[in-house]
Amino acid sequence: GSSLTLEGILCKVLRVVDKKRDQYEIEDVEDEEHKPKVVMRSELQLIPPSNEGLSELTSKQPVLAMYPGTTTFYKADVVAVKGKDIRPGEVRLLFEDEEEQNKSMPVERRYILTDV
């Protein structure tokens, strides 16, 4: 399956429950108990399979992004989209709680949601 976010958590779609009602059965990708949940399509946001064709981000743009090393999405601001310390397909972000340390981090573009 597809990767999606629900309430800021990376999930995978297990199956379509009701096509007419637009309901899907999903599971948190890190759920060891494998407790599926039924949600409406409107509660989900699709994560693209690659960075190809995604819009260019601008400096200081507010986003929702997957925090490095986790499967949870948090608010962040774009710091830089290009630079010698930024690998292709990555964007440097400053997450809301890291502002005091001014610690920006690289995140793969497809895990950055602009619809916040």
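Q: What makes two aromatic rings a pair in this predicted model?
A: Rings of Phe, Tyr and Trp (its six-membered ring) pair if their centres lie within 6.5 Å; planes under 30 degrees apart count as stacked, over 60 as edge-to-face and the rest as tilted. A search of the whole structure finds 2 aromatic pairs.

Q: Why is the pair of Tyr 67 and Tyr 74 called edge-to-face?
A: The ring centres of Tyr 67 and Tyr 74 are 6.0 Å apart and the planes stand at 85°, so the pair is edge-to-face. Ring pairs also bring in Phe 95, linking Tyr 67, Tyr 74 and Phe 95 into a cluster.

Q: What are the conditions on the model and its numbering?
A: Residues are numbered from 1 along each chain as its sequence is written, and side-chain values use heavy atoms, with hydrogens and water left out. The model is predicted: local features need pLDDT of at least 70, side-chain atom pairs count only at pLDDT 80 or more, and totals for chains, interfaces and linings use all residues.

Q: Is Tyr 67 buried or exposed, and how do you know?
A: Buried means under 20% relative accessible area, exposed over 50%, and partly exposed in between (1.4 Å probe, protein chains only). Tyr 67 has 19% relative accessibility and therefore counts as buried.

Q: Which class does Tyr 74 receive?
A: With a relative accessible area of 39%, Tyr 74 is partly exposed. Of the 116 residues of the chain, 34% count as buried.

Q: What makes β6 and β7 paired strands?
A: Strands (E, at least two residues) are DSSP runs numbered from the N terminus, as are helices (H or I, at least four residues). Two strands pair if DSSP finds at least two bridges between them. Strand β6 (residues 62-66) and strand β7 (residues 73-80) have 5 bridges, in the antiparallel sense. Met 66 stands opposite Phe 73 in β7, and Pro 62 stands opposite Asp 77 in β7. The two strands form a hairpin with 6 residues between them, and Gly 69 in the turn has a positive phi of about 80°.

Q: How many bridges join β7 to β8?
A: There are 4 bridges between β7 and strand β8 (residues 90-95), and these strands run antiparallel. Asp 77 stands opposite Leu 94 in β8.

Q: Why do β9 and β10 count as edge strands?
A: The open sheet of 5 strands has the order β9-β8-β7-β6-β10, with antiparallel pairing. β9 (105-108) and β10 (112-113) each have a single partner strand, so one side of each is left without a neighbour in the sheet. The chain as a whole has 0 helices and 10 strands.

Q: How do you know that Gln 23 is buried, and what does Gln 23 contact?
A: Gln 23, in strand β3 (residues 23-28), is buried because its relative accessible area is 18%. Contact means heavy atoms within 4.5 Å. Leaving aside neighbours within four places in sequence, Gln 23 is in contact with Val 16, Val 17, Asp 18, Val 38, Val 39 and Met 40.

Q: Which residues lie closest to the centre of the largest pocket?
A: On a 1 Å grid over the protein atoms alone, a pocket is an open set of points with protein on both sides within 12 Å along at least five of seven lines; lining residues have an atom within 4 Å of a point. The largest pocket has a volume of about 180 Å³, the space filled by probe spheres set on the points. Of its 13 lining residues, the closest to the centre are Glu 56, Val 81, Gly 89, Glu 90 and Val 91.

Notes: 1 Å grid on protein atoms, 1.4 Å probe; cavity = no way out; pocket = protein on both sides within 12 Å on 5 of 7 lines; lining within 4 Å.
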